[in-house]
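I opened a notebook page for this structure. The entries below record what I looked up, in the order I got to it.

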Amino acid sequence: MALAISLEEEDARVYDDFADGLQESYPEQAKKFAAMRQDEDSHRHRLLNLYRERFGEHIPLIRRQEVKGFVKRRPIWLVRPLGLRAVQKEAELMELETKRFYEAAARRTTDVGIRQLLGDLAEEERHHAQTAEQIAQTKLSEEESARQKRLFLLQVIQPGLAGLMDGSVSTLAPLFAAAFATHNSWDAFRVGLAASIGAGISMGFAEALSDDGSLTGRGHPWARGTVCGLMTAIGGLGHSLPYLIPDIHVATWIAVAVVICELGVISWVRHRFMDTPWSSAVVQVVLGGILVFLVGILIGSS
């Protein structure tokens, strides 16, 4: 009985944290977790009343981590912003674990009143597990959908676009400078490879260390840094790979074609996700690419 009371107190606090963490991004789902928190409080009161009748006022301190058979919980309720899918899965596991505990405890007790209460609570926890499973499947409102889109833009599109632009544009100068200076495809490829990987590492760390996401809601810094770094490296490798072709002239023309495709993709992403007009997106991206490309040619030919 003391362990059951402790479980309900802990679960209620976890659901309270879930509701608080989801309030900004998923207000409807946050209300459901707040309701589940109230249910856990109701369970605790029923357990306390029966405990007081049977055993008096003193409740020994016994916690789930001190009892064999309970699963160690990851404190995901401390993460901000909270992910709805992760919260739903954690809540479902919490309820199933508590249900199994009540069923096992009910089978071992000989007290009819305690057996009845534990059986009732096990059934209610089963319904809670079903509710938790359904929370993530609830259709988002228009406001929540717009908020989800904004978070996707902040956490994935923006760092990815920044990396792709940097990798596609900044590596043009050293790559084409090496190609025009050495007239050797292999040397140009090695320069492009080094520039791409170096830029990816640099941009990844710069993005990760620029903002921890706690105030801006831009997500976990290392997740953004990984996205940014990978897209930077991919952007540079795209027009470096053609220089694996031994013929320097063929390789250069293919690299130029790849650059045009990359700039087109960047313009499309800016138009599609950042609501930038097509004309502005094309002019801004292409102009920057042409300037860097010319710098590389001039320096390599000098």
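**Entry 1: overall fold**

I noted at the outset that this is a predicted model. I looked up the secondary structure next. The protein chain has ten helices and zero strands. I then checked burial. Of the 302 residues in the protein chain, 43% are buried. I also took the accessible surface, which comes to about 16300 Å². Carbon and sulfur atoms account for 61% of that surface. Last, I looked at contact range. Among contacts between residues at least 6 apart in sequence, 73% join residues at least 24 apart.

**Entry 2: salt bridges**

How many salt bridges does a search of the whole structure find? I got 16. I kept the general rule in mind: side chains of opposite charge can pair when their charged atoms come close.

I started with Arg73 and Glu10. Their side chains meet in a salt bridge, at 3.1 Å from N to O. Arg73 sits in the loop between helix H2 (27–55) and helix H3 (84–108), and Glu10 sits in helix H1 (residues 2–22), so this pair ties together parts that are 63 residues apart in sequence. I checked cover on both sides. Arg73 is buried, at 13% relative accessible area. Glu10 is partly exposed, at 25%.

Next I took Arg64 and Glu97. This salt bridge has an N to O distance of 2.4 Å. The pair links distant parts of the chain, with Arg64 in the loop between H2 and H3 and Glu97 in helix H3, 33 residues apart. I found both Arg64 and Glu97 buried.

Which residues do shared partners join into one network? I traced Glu10, Asp11, Arg64, Arg73 and Glu97, joined by salt bridges that share partners.

Glu53 is exposed, with 62% relative accessibility. Arg54 is partly exposed, with 35%.

I picked Ser6, which has its place in helix H1. Is Ser6 buried or exposed? At 14% relative accessibility, Ser6 counts as buried, because the cut-off for that class is under 20%. I looked for what touches Ser6 beyond four places in sequence, and found Ile62 and Arg63.

I then moved to Ala12, also placed in helix H1. Ala12 is buried, at 2% relative accessibility. With neighbours within four places in sequence left aside, Ala12 is in contact with Arg37, Glu40 and Asp41. I also took a C-alpha distance. Ala12 and Phe33 are 21 residues apart along the chain, and their C-alpha atoms are separated by 9.4 Å.

**Entry 3: helix H4**

I checked the length of helix H4 (residues 112–135). At 1.5 Å a residue, its 24 residues should span 34 Å. The end C-alpha atoms are 35 Å apart, which agrees.

I listed the buried residues of H4. They are Ile114, Leu117, Leu118, Leu121, Ala122, Glu125, His128, Ala129, Ala132 and Ile135. What covers these buried residues of H4? I found that the cover includes H1, H2 and H3.

**Entry 4: a nonpolar patch**

I searched the surface for nonpolar side chains. Ile197, Ile201, Phe205, Leu209 and Trp222 form a nonpolar patch there. Together they have about 550 Å² of accessible area. Which helix gives the most to the nonpolar patch? I found helix H7 (residues 185–210), with four residues. Ile201 lies in helix H7.

**Entry 5: cysteines**

I finished with disulfides. A disulfide is a covalent bond between the sulfur atoms of two cysteines. A search of the whole structure finds zero disulfides. I looked up cover for two cysteines. Cys228 is buried, with a relative accessible area of 0%. Cys261 is exposed, at 53% relative accessibility.

Technical notes. Residues numbered from 1 in each chain as written. Predicted model: local features only at pLDDT ≥ 70, side-chain atom pairs only at ≥ 80, totals over all residues. Heavy atoms only, no water. Salt bridge = Lys/Arg side-chain N within 4 Å of Asp/Glu carboxyl O. Helix = DSSP H or I, 4+ residues; strand = E, 2+ residues; numbered from the N terminus. Buried < 20%, exposed > 50% of the residue type's maximum accessible area, 1.4 Å probe, protein only. Patch = residues over 30% accessible without salt bridge, like charges linked within 9 Å, V, L, I, M, F, W, Y side chains within 5 Å. Areas by Shrake-Rupley, 256 points an atom, 1.4 Å probe, with all protein chains shown as cover. Contact = heavy atoms within 4.5 Å. Disulfide = S-S within 2.5 Å. Expected span 1.5 Å × (residues − 1).
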